[in-house]
Amino acid sequence: MSVWSEADLTFVRDRARRWDLHNSERFWGGPLYDLVEPLLGSFNCDFGVPKQIGTPSESLPETTATVLLALHRMGLLNASMRQRIQAYLWSTHYALAAGIDEEAKYPDAECWSSVSRNVWATATSLWALIATGYRGRHEGRYAPAVRWLVDAQDEDGGWGFSRDAQNPPSVFLTSVCAYTLRMTAARLDDVTHEIHKASVQCAVDAAVGYLKRTRRRRSGLWQTDSGETEPTSSAMALWALRRCGSADDGELVRSGVRALSKTVGNGRCAASLEIAAGTLPDSREAIALQGYTPAIPLALLQIDVDPFHKMILQPLHFLRTSRRTDGWEFPVMGNARQGRYLKAVPYVGTGEALTFTTALALQTAHAWHRRVISWTIEQRLTKP
């Protein structure tokens, strides 16, 4: 049984047809709605967004947040659909799921949990809820969640996967957290939401400092623990420096983009490398996050990279040619020596379409189309 009414689906069909008029149908080889429908059809009435499309599977807050943000940015959610997914996301909040009342003042529970209470789930959930304009009975949990995220920051300014397990900091997670906190301070009111903006800004400034210090001078980019350049983390770090840094960081970002173009231009657009690693606080089991490199245009287009640059077009070409009938899987790409990732991230290389990767793929193509349209208009207006 579908969680969506016929009115909801009619709304999505209409919006999808509008984007087909802007070349989406030509880009994908078929109507946009045909790509979105399997994603919408995978929603479960009881727990929301599963990890896999068309297969009953667990729902993770980071997956729900990614789907919510993607469909919102594509304009494919009406108000009732957006509120329903927001409600799904709040249901995975650790304190709410555990039945801990807001008045209990248990700060360690004011976060989101997937395999454990963690920074990745908390940052992406806050980002999605605030960016999609959530206003409702759980608004009072914004401030404690922000404080939880600030308290999870390492002394050197970075964030690792799990605060409880003291995992090593990750460039990717630090970039996500820095932007989430900056956006929080910009969009939420000090009095209404009790956000202490000075402490939030201090955390953002410390994160910017961490990103600058961890950049490799020789390559101009960021690397994995094994010393290999990691495209997704590098793109996210450049994006975070542009969004959260100062005007003085402009040349650093531009030189980073030039360095990244060499890496992605050498066929690395489909690489799937580790972006964060650590252990779970209770079981001490290894955990790893894998970067979905085909989605890096999402970051690059926001730092003014030409939409027709090869490091934008190559990932888009990969997305066009790697699509399954029902969406996108997480490919096994990159360094074969690092096969341990398969154990730590069991969904990589399964051949099954995932809601997370499908949402990112659709959002990437959508962002590119919008940028191409605006870029074309800008070029025509500036030419004599």
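1. A residue is called buried when its relative accessible area is under 20%. With that in hand, here is a first look at this predicted model: buried residues make up 57% of the 384 residues in the chain. The chain has 17 helices and two strands. Of the contacts with a separation of 6 or more, 68% are between residues 24 or more positions apart.

2. In soluble globular proteins, nonpolar side chains tend to be buried together. The largest nonpolar core here has 119 residues, and the members that touch the most others are Leu-149, Trp-159, Leu-181 and Leu-300. To see one of these in its setting, look at Leu-181: leaving aside neighbours within four places in sequence, Leu-181 is in contact with Val-146, Leu-149, Val-150, Trp-159, Val-200, Ala-203 and Val-204.

3. Two packed helices are described by the angle between their axes and the distance between the axes. For α7 (residues 119-131) and α8 (residues 142-151), the axes come within 10 Å and cross at roughly 140°. The two helices are therefore oblique to each other, and α7 passes α8 in a left-handed crossing. On the α7 side, Val-119, Thr-122, Ala-123, Leu-126, Leu-129 and Ile-130 take part, meeting Tyr-142, Ala-145, Val-146, Trp-148 and Leu-149 of α8. You have already met Leu-149 among the core residues that touch the most other members.

4. A second pair is α9 (residues 171-187) with α12 (residues 231-244), whose axes come within 8 Å and cross at roughly 25°. That angle makes α9 roughly parallel to α12. The crossing is left-handed. From α9, the contact uses Val-171, Phe-172, Ser-175, Val-176, Ala-178, Tyr-179 and Arg-182; from α12, Thr-232, Ser-233, Met-236, Ala-237, Trp-239, Ala-240, Arg-243 and Cys-244.

5. Trp-368 belongs to helix α17 (residues 355-382), and counts as buried because its relative accessibility is 12%. What does Trp-368 touch, not counting residues up to four places away in sequence? The list is Phe-27, Leu-301, Pro-307, Phe-308, Ile-312, Leu-313 and Leu-316. Leu-316 lies 52 residues from Trp-368 along the chain, with 8.7 Å between their C-alpha atoms.

6. Now the cysteines. A disulfide is a covalent bond between the sulfur atoms of two cysteines. How many disulfides does the structure hold? The count is zero.

7. One backbone angle deserves a careful look. Most residues other than glycine have a negative phi, and most peptide bonds are trans. Asp-304, however, has a positive phi, near 65°. You will find Asp-304 in the loop between α14 (297-300) and α15 (310-322). Is Asp-304 buried or exposed? With a relative accessible area of 55%, Asp-304 is exposed.

8. Finally, a stop at a strand. Ala-286 is in strand β2, which covers residues 286-290. At 48% relative accessibility, Ala-286 counts as partly exposed. Setting aside neighbours within four places in sequence, Ala-286 is in contact with Gly-278 and Thr-279.

Key:
Residues numbered from 1 in each chain as written. Predicted model: local features only at pLDDT ≥ 70, side-chain atom pairs only at ≥ 80, totals over all residues. Heavy atoms only, no water. Core = buried A, V, L, I, M, F, W, Y, C linked by side-chain atoms within 4.5 Å. Buried < 20%, exposed > 50% of the residue type's maximum accessible area, 1.4 Å probe, protein only. Contact = heavy atoms within 4.5 Å. Helix = DSSP H or I, 4+ residues; strand = E, 2+ residues; numbered from the N terminus. Disulfide = S-S within 2.5 Å. Axes fitted to C-alpha atoms, helices over the stretch in contact; angles between N-to-C directions. Parallel < 35°, antiparallel > 145°, perpendicular 65-115°, else oblique. Left-handed = near helix turned anticlockwise from the far one by under 90°.
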